[in-house]
Amino acid sequence: MENIYQPKPEDRFTFGLWTVGNTGKDPFGDDFREKKSPADLVYLLGEVGAYGVNFHDNDLIPMEATPAEAEAIKKAFKKALADTGLKVPMATTNLFASPIFRDGAFTSNIAAIRKFALQKTMQAIDLGAEMGAKVYVFWGGREGVEVEASKNPITAIERTREALNFLSEYVKAQGYDMVFALEAKPNEPRGDLYFPTTGHMLAFIETLDHPEMVGVNPEFAHESMAGLNFVHAVAQALDAGKLFHIDLNDQAFGRYDQDFRFGAVSLKNSFFLVKLLEDNGYKGSRHFDAHAYRTENYEGVKDFARGCMRSYLILKEKVQKFNTDAEIQGLLKEINQELPELKNTDGKYTPEKMKALKDYAFDRKALSDFGMKYEKLDQLTNELLWGIR
Ligand code: GCO
Ligand code: MN
Ligand code: MN
């Protein structure tokens with residue numbers, strides 16, 4: 001029998017070099033796992049059955065690498081891709097680790113740093129294109145403040161717009177088949193980051209010169225850190241046709257950016273997220289932007305990576321169960337009542353529809369007089385997730 005929990009290429013499961021390559025270093029402790037080369041991480045991902053690998057420019061080629069070293073790394077990486085069949089669907093720029101970006105990149109107060117960030121991003125876009133990336137992610141790791149007096153927030157927005165407009169033109173001029181995906185985060189590593197949520201990003205995109213080539217890369221942990229409902233943020237991105245990429249992980253509300261294995265904490269939210277993506281035919285990468293606990297060696301890293309994908313596939317199977325569960329679907333059908341007399345199929349305004357609605361006598365008593373059965377619906381959903389339905 002086919003193993004439905006076995007990842008397949010069409011699942012589009014991807015990991016960043018920085019995710020499985022995370023060495024467990026944190027603000028309180030040193031590296032726990034030894035550092036692996038990009039090529040070795042590709043072999044690891046091949047072994048666990050991932051579809052693709054994504055990278056920041058400097059995950060692949062360290063900033064200080066000589067041209068000869070860069071060539072050797074690229075060669076080994078390309079060989080690993082060819083050996084494993086892994087793809088590179090997404091690439092991004094590290095605009096946060098180097099001390100030069102300590103006060104931001106595109107929003108820095110120092111013009112030379114803003115220009116350097118643009119130069120670095122153009123080179124990183126070239127590297128991404130060389131490896132076949134079709135989505136380019138922008139996460140403003142240091143684009144924010146602790147000291148509000150230091151930057152005008154409107155200037156920061158304008159500078160970000162200028163950078164993205166410039167880079168859109170660059171991609172077009174090179175003839176690259178590539179779109180941008182903007183990733184919001186409310187804070188960490190800065191006290192406050194600009195564009196703190198996916199909603200902020202969606203509004204901002206419409207102010208760009210080429211909004212058609214810019215979408216979002218929402219992250220489960222980031223919206224949860226802000227105390228928001230991630231499923232609703234992703235729904236809004238889907239509705240706007242802007243879900244170009246997604247960062248899946250997990251997180252307890254109100255904590256630091258925990259980057260836990262997908263499904264580790266929020267079983268129900270993860271379920272409704274998978275349901276949203278699958279029911280709406282999302283075709284992009286399911287990228288796991290997470291890492292193994294600091295307690296783990298590389299066997300544990302493989303457990304982590306396999307766990308992310310397996311949890312997604314188990315939840316996908318649960319979605320199918322939910323969508324075909326007679327009792328659950330019956331409750332949903334019962335509560336979604338039509339009003340045939342005023343049915344407005346296209347939802348549009350006409351003087352006739354307006355008049356019919358204005359004159360209609362609603363039976364307020366009857367409409368106020370029944371329970372919604374959501375207690376039952378929710379309990380059935382839980383029982384389905386617990387595996388007893
Ligand atoms: C974080 C972010 C990053 C970005 C990555 C790709 O909180 O550190 O989620 O992992 O996703 O830099 O842009
Ligand atoms: Mn994150
Ligand atoms: Mn992320």
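## Ligand 1 and the manganese site

**View 1. Lys-185 at ligand 1.** The side chain of Lys-185 brings an N or O atom to 2.8 Å from an oxygen atom of ligand 1, a polar contact (a pair of N or O atoms within 3.5 Å). In this predicted model, local features need pLDDT of at least 70 and side-chain atom pairs pLDDT 80 or more, whereas totals for chains, interfaces and linings use all residues; side-chain values rest on heavy atoms, without hydrogens or water. Residues are numbered from 1 along each chain as its sequence is written, while chains are lettered from A and ligands numbered from 1 in the order in which they are written. For Glu-183 the corresponding distance to an oxygen atom of ligand 1 is 2.7 Å, and for Trp-18 3.3 Å. The protein covers 91% of the 340 Å² of accessible area that ligand 1 has on its own (Shrake-Rupley method, 1.4 Å probe).

**View 2. The manganese ion (ligand 3) and its donors.** Glu-183 (OE), Glu-219 (OE), Asp-247 (OD) and Asp-289 (OD) coordinate the manganese ion (ligand 3) at 2.0 to 2.2 Å, donors being N, O and S atoms within 2.8 Å of the metal (3.2 Å for Na, K and Ca). The 6 donor atoms, with angles of 83 to 176 degrees, form an octahedral site (opposite donors over 155 degrees apart, all others between 65 and 115).

**View 3. Glu-219 between two manganese ions.** Glu-219 bridges the manganese ions ligand 3 and ligand 2, which lie 3.7 Å apart. Because Glu-219 lies in the loop between strand E8 (214–216) and helix H8 (220–225), and Asp-289 in the loop between strand E10 (286–288) and helix H11 (298–324), the pair ties together parts that are 70 residues apart in sequence.

Notes: A polar contact is a pair of N or O atoms within 3.5 Å; within protein, one must be able to donate a hydrogen and the other to accept it, and residues adjacent in sequence count only if both atoms are side-chain atoms. Four donors count as tetrahedral if all angles lie between 85 and 135 degrees; four count as square planar and six as octahedral if opposite donors are over 155 degrees apart and all others between 65 and 115; anything else is irregular. Helices (H or I, at least four residues) and strands (E, at least two) are DSSP runs, numbered from the N terminus.
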